[in-house]
Amino acid sequence: MKVRDRVELVLPDGRTIDYAIQISPKSRSLRLKLSARDGMVVVAPPNLDRHKLLSIVAAKADWIGERIASFDAVRHLITTELAARPQAFDLPGLAESWRVEYKLTRSRTVGARIEQPGRIVVAGAVDDVEACHAALRRWLARHAIMALSPWLANLAEPAGLRYSDLAIKNQRTRWGSCSTTGRISLNCKLLFLPRDLVRYVIWHELCHLLEPNHSDRFWMHLRHFEPAADSLHGRMRDAWKAVPSWAQRGVGLLL
Ligand SMILES: [Zn+2]
C-alpha cells in the first residue's frame with residue numbers, strides 16, 4: 001500500500017483540507033481514515049477511476065467537514081485560509097443568494113449553469129481555479145443580461161427615454177456608459193451592489209441620452225428621475241468593495 005498523491009478538498013464553509021489517496025488491493029469500497037499522524041486518507045480499491053473517486057469525496061464534503069471539526073486530533077488539518085473558488089455569493093441587486101458546487105469531469109473546459117434555484121454547478125476541469133472564475137464570470141454576464149435588460153426598459157419607457165441597444169460588459173473601471181448612438185453599456189458586476197445603486201447607475205446612463213456630459217443640465221435631469229442622486233453618487237465611490245475578486249477579470253484585483 002502506498003500513498004499515491006495528495007489532493008485538496010474544499011469544505012462547505014470554503015476552507016480546505018488536503019488528503020491522501022491510498023490505493024489498496026484489498027479494499028472493495030472507498031474508506032475514509034482520519035488520524036493525527038497521517039491526516040485524512042481515502043483508501044480506494046485499485047479499479048476505481050480517479051475522477052470518480054474525487055467526485056465521490058467531494059460529494060461527501062459536508063459530512064467530512066463535520067467529522068473533522070468534531071475530531072480534536074485532526075482539526076488542525078483544516079486550513080484557515082479560504083479557498084480561491086467561491087462556495088457561495090450574494091447578488092444584492094437582485095436579492096439573490098447562490099451556492100456554488102464544483103464537479104470534476106473529464107472535460108478540458110469549465111462551464112457554469114443553474115442546477116436549481118439558488119444553486120450553480122460548475123463542471124469540468126474544476127481543479128483549474130482561474131477557469132472556474134472565468135466560467136462564473138461568463139455565467140454572471142448571462143445572468144446580468146436577463147436581469148438588467150427588463151430593468152433598463154422598465155425605467156426608460158415610462159420616462160420616454162430611447163436607447164438603441166444594451167451591452168453587458170465586465171469593465172474594470174466603469175459601471176456603465178452611453179454612446180453617442182444611444183447604446184448603453186452596463187457592467188455585470190452591478191449585480192453585487194444594492195438595488196438603489198443599480199437603479200442609480202441605470203438612471204445615470206439613461207440621462208446621458210439627454211446630455212452626453214456631466215453638466216448642470218445633466219444633473220438636473222438625473223435629480224428629476226432619481227431624487228436621491230447626490231447621495232447615491234457619493235456611495236458609488238466605495239461600491240467596488242462589494243465585488244468579489246473572482247468576478248474581476250484577470251488577476252483578482254479590486255480598484
Ligand atoms: Zn456619466
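# Close-up views of a predicted model

The model contains 11 salt bridges, a salt bridge being a side-chain nitrogen of Lys or Arg within 4 Å of a carboxyl oxygen of Asp or Glu. This is a predicted model, in which local features need pLDDT of at least 70, side-chain atom pairs count only at pLDDT 80 or more, and totals for chains, interfaces and linings use all residues. Residues are numbered from 1 along each chain as its sequence is written, and side-chain values use heavy atoms, with hydrogens and water left out.

**View 1. The open sheet of 4 strands has the order S5-S6-S8-S7.** Its pairing is mixed. Strand S5 (88–91) and strand S7 (110–116) each have a single partner strand, so one side of each is left without a neighbour in the sheet. Helices (H or I, at least four residues) and strands (E, at least two) are DSSP runs, numbered from the N terminus; two strands pair if DSSP finds at least two bridges between them. Neighbouring strands of this sheet are turned by 30° against each other on average, direction ignored. Antiparallel pairing joins S7 to strand S8 (residues 119–124) over 6 bridges, and Ala 112 stands opposite Val 122 in S8. Helix H3 (residues 129–159) packs on the sheet and touches S5, strand S6 (96–104), S7 and S8, where contact means heavy atoms within 4.5 Å. The direction of H3 makes about 55° with that of S7; axes are lines fitted to C-alpha atoms, for helices over the stretch in contact, and angles run from 0 to 180 degrees between N-to-C directions.

**View 2. A salt bridge joins the side chains of Glu 101 and Arg 119 (2.9 Å, N to O).** Glu 101 lies in strand S6 and Arg 119 in strand S8, so the pair ties together parts that are 18 residues apart in sequence. Glu 101 is partly exposed, at 26% relative accessible area, and Arg 119 is also partly exposed, at 28%. These classes follow relative accessible area: buried means under 20%, exposed over 50%, and partly exposed in between (1.4 Å probe, protein chains only). A network of salt bridges links Glu 101, Lys 103, Glu 115 and Arg 119.

**View 3. Three histidines are the protein donors of the zinc ion.** His 204, His 208 and His 214 each contribute NE2, lying 2.0 Å from the ion. Donors are N, O and S atoms within 2.8 Å of the metal (3.2 Å for Na, K and Ca); water is not among the atoms, so sites may look incomplete. The spacing of the donor residues in sequence is H-x3-H-x5-H. His 204 is buried, with a relative accessible area of 11%, and the value for His 208, likewise buried, is 11%.

**View 4. Glu 226 occupies the loop between helix H5 (216–225) and helix H6 (229–235).** Glu 226 is buried, at 4% relative accessibility. Apart from neighbours within four places in sequence, Glu 226 contacts Arg 199, Tyr 200, Trp 203 and Leu 232.

**View 5. Arg 217 and Glu 211 form a salt bridge, with their closest N and O atoms 2.8 Å apart.** Arg 217 is exposed, at 52% relative accessibility, whereas Glu 211 is buried, at 10%.
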